[in-house]
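Hello,

Here is the structure I promised to pass on. Please open it first, then read my notes below.

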Amino acid sequence: MTAQLVTGVAEPAVDRTVVGENLSLPLFRTLSGVLAGHPYLKVVVDRVEGTWHLLDTAAHPFHVNYVATRVLGMELAELDADLDAFNASVYMDPDRRFLLGVLSLHTDEDAEGRERTFLVLETTEADTMNGELLAFFYEFVRARVDGRLPLLLKPANHGQEEELAAISERRVPRILSHELFGSRTRTPLNPGEATGRLRFFRTYAEYTAAEAGLGWADIVAMPCLPDDVPRVAGFLNTAPITPLSHTNVLASGWGIPNAIVLDLEQLAEEGGLDGAWVRYRVREDEISLERLDREPVLRAPAWHQQRIRLEPPLLEDAPVLALHRLRAADRDRYGTKAANLGELHHVLDSRSADLTAFYGKPRPPRDDLYGHLAARLGLNAPTKAELRAKAAEFVSGAVGAPEGVALPFSLQQHFLASSPALQQGIGKLKMALELDATDVLDPLCLQLQQLIRHTPVPESVTRRISQAFPAPAAARGRLVVRSSSNAEDLPGFSAAGVYDSVTAVHGTGELLDAVRQVWASLVSPRSVRLRHQVGISLDDTYMGVIIQEYVPASLGGVLVTCDPTRREDFRNVYLNCSPGSPERVVEGSVLPQQYLYNTVEGGGRTVALGSWGDGLPAATRARLADLSLTGRLLQSHFSGSDCAGSDGGADVDRPLDIEWLMTERGDFRLVQIRPYAL
């Protein structure tokens with residue numbers, strides 16, 4: 001993990017591609033490039049000629065370009081004009097002439113602790129080779145690779161895993177993706193670069209003892225960063241964590257580097273990094289920590305001057321409304337979460353929204369991806385109107401929106417205005433913020449939270465909340481009370497995990513307590529500091545509340561409609577799940593199962609099994625593929641100008657963060673939908 005300095009003038013590239021030669025380790029190293037820290041080499045098997053091509057990675061970044069221009073004699077313009085059809089001929093045709101793959105070099109330890117070097121052969125994730133074709137591919141390559149190098153086949157997607165299940169592992173030795181990468185020492189989570197002071201905490205107790213002294217120039221390293229970590233220059237995790245953890249959502253929203261570095265203890269000791277000034281870089285293929293000789297001269301980060309524009313909240317009396325009666329524009333009365341759920345109800349019920357816009361965007365050299373979407377939906381050459389109708393039908397059949405009610409900002413305003421003590425506490429907090437008296441913020445916030453939790457709710461407010469559930473709350477079973485502020489899910493300010501939700505509420509008394517707890521979270525020390533840092537005024541910040549009946553879940557998790565570690569990837573979405581409630585994934589109480597699903601060519605693959613030894617059944621994984629496609633289709637609507645947030649921007653590539661659950665009956669419910677901060 002050292003920075004590399006390249007000097008001098010680059011020599012003209014020489015194409016060292018070879019055809020028909022057997023592969024030795026020296027030849028592999030001559031031709032290979034590096035991806036995600038592993039040397040790799042592209043291979044093309046020509047079944048007609050009975051030979052193979054070992055591509056010089058520096059000269060040939062794409063298999064299909066090489067096959068088209070160097071083997072078939074096509075012009076690049078000719079290839080680009082019919083790229084999708086050509087891709088289908090080499091990746092999906094069962095009688096294809098060419099087999100395309102990658103060989104990567106890996107090391108691990110054998111049973112005696114000795115280092116072992118081995119090769120892994122895999123295809124692209126969209127490849128649909130059947131079992132016999134995979135076996136042929138493996139055996140062809142095996143016969144031409146130095147016999148001293150073990151060779152394993154890695155299925156590139158769930159379909160290939162299922163095809164290989166009928167083939168003996170003696171014939172085709174294999175390794176699964178989560179087995180190969182599940183124990184990676186270093187894993188990028190959020191790309192970026194930072195210069196700062198490394199603060200390495202081995203335990204949570206060490207962190208809490210130093211927390212008050214952490215500042216914007218610190219890079220915090222510890223086994224599992226807490227959700228309430230202050231805004232700093234960078235994160236380092238020394239234990240496994242999912243890219244969808246709250247802290248990585250924060251890292252993404254703040255634009256700071258974040259990675260898993262399991263051997264940081266050793267690196268810190270060898271390099272004297274703990275407490276030192278370092279330059280920290282996280283990229284897809286590199287994680288580096290470079291110790292600096294002296295303390296650098298640093299400018300305050302841009303977010304010190306950043307100011308988030310907040311639409312003025314509407315505080316006039318508004319009714320308690322069922323979620324299905326809200327739309328996206330109601331965010332300034334009921335908060336962003338409630339408004340987005342209301343918009344989701346509208347999309348599912350009306351089936352009038354255009355859910356195809358993501359696929360209509362040009363992806364050069366393609367004019368659009370409509371053909372791929374049609375294939376995913378089982379259509380053959382549909383009109384745009386037919387494609388839109390089928391997409392809306394597919395989404396409405398795949399997921400449901402939660403039932404519940406939303407409490408408007410005006411109820412919180414009536415509650416706060418009912419108590420002189422609350423008004424006095426708010427006044428003191430505003431004065432401290434105006435004077436930038438940060439040393440007294442925490443005690444003032446804690447006192448105000450205590451007041452909010454214990455101040456009686458006015459009868460008029462209590463009556464309106466109770467009327468939302470005409471039957472006695474106790475008879476209705478367990479309720480869930482969620483926050484819905486206007487100061488979250490904003491461009492540049494996600495507030496993931498900042499406000500409270502209460503997931504186990506029984507009876508009217510507990511319901512009022514839960515509502516007050518959610519209101520109180522608006523003035524927690526952390527939420528006040530984070531908003532103050534970006535210029536969001538306390539006067540403009542209000543909290544709506546969502547009240548829902550609890551729905552038992554057999555499976556739950558989070559889906560983001562991008563690959564968090566590969567921002568340029570427009571194909572894949574990333575899904576985390578665990579048995580039971582999605583809160584287990586959101587809160588980080590378990591290490592979830594992790595999957596990637598390709599929403600263009602189709603197919604999915606397992607990234608990690610988390611805290612479980614077994615993956616999900618094939619039928620459940622297929623259902624998750626439908627859920628992933630649904631998320632991508634919803635992105636077309638929720639990233640549009642009417643739903644994009646306070647900046648009003650429209651960008652169909654702006655990903656979504658979707659919290660979901662599978663009911664005990666097997667239905668999917670989306671319980672939260674918001675922008676994923678990038």
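**What turned up**

Ala322 has Val405 in β17 as its bridge partner. Keep in mind that this is a predicted model. The link between Ala322 and Val405 belongs to a strand pair. Strands β15 and β17 (residues 405–407) run antiparallel, and two bridges join them.

Now the whole sheet. In general, strands of a sheet pair through backbone hydrogen bonds, either parallel or antiparallel. Here the sheet is open and has five strands, with antiparallel pairing. Read the order as β15-β17-β20-β18-β19. The edges are β15 (321–322) and β19 (502–505), and each of them pairs on one side only. Helix α12 (residues 336–350) packs on this sheet. Helix α12 touches β17, β18 (479–485) and β20 (543–549). The directions of α12 and β18 make an angle of about 110 degrees.

How many cavities of 30 Å³ or more does the structure hold? It holds four. The largest cavity has about 50 Å³ of space. Its lining includes Leu250, Trp254, Phe493 and Leu530. Which helix gives the most to that lining? Helix α9 (residues 246–254) does, with three residues. By class, the lining has five nonpolar residues, three polar ones and no charged ones.

Last, one residue to look up. Thr630 sits in helix α23 (residues 618–638). Is Thr630 buried or exposed? Its relative accessibility is 1%, so Thr630 counts as buried; the cut-off for buried is under 20%. Leaving out residues up to four places away in sequence, Thr630 touches Phe394, Val395, Ala398 and Val399.

Best wishes

Terms used: Residues numbered from 1 in each chain as written. Predicted model: local features only at pLDDT ≥ 70, side-chain atom pairs only at ≥ 80, totals over all residues. Heavy atoms only, no water. 1 Å grid on protein atoms, 1.4 Å probe; cavity = no way out; pocket = protein on both sides within 12 Å on 5 of 7 lines; lining within 4 Å. Points joined across faces, edges and corners; volume = space filled by probe spheres on them. Helix = DSSP H or I, 4+ residues; strand = E, 2+ residues; numbered from the N terminus. Nonpolar A, V, L, I, M, F, W, Y, C, P; charged D, E, K, R; others polar. Buried < 20%, exposed > 50% of the residue type's maximum accessible area, 1.4 Å probe, protein only. Contact = heavy atoms within 4.5 Å. Pairing = 2+ DSSP bridges. Axes fitted to C-alpha atoms, helices over the stretch in contact; angles between N-to-C directions.
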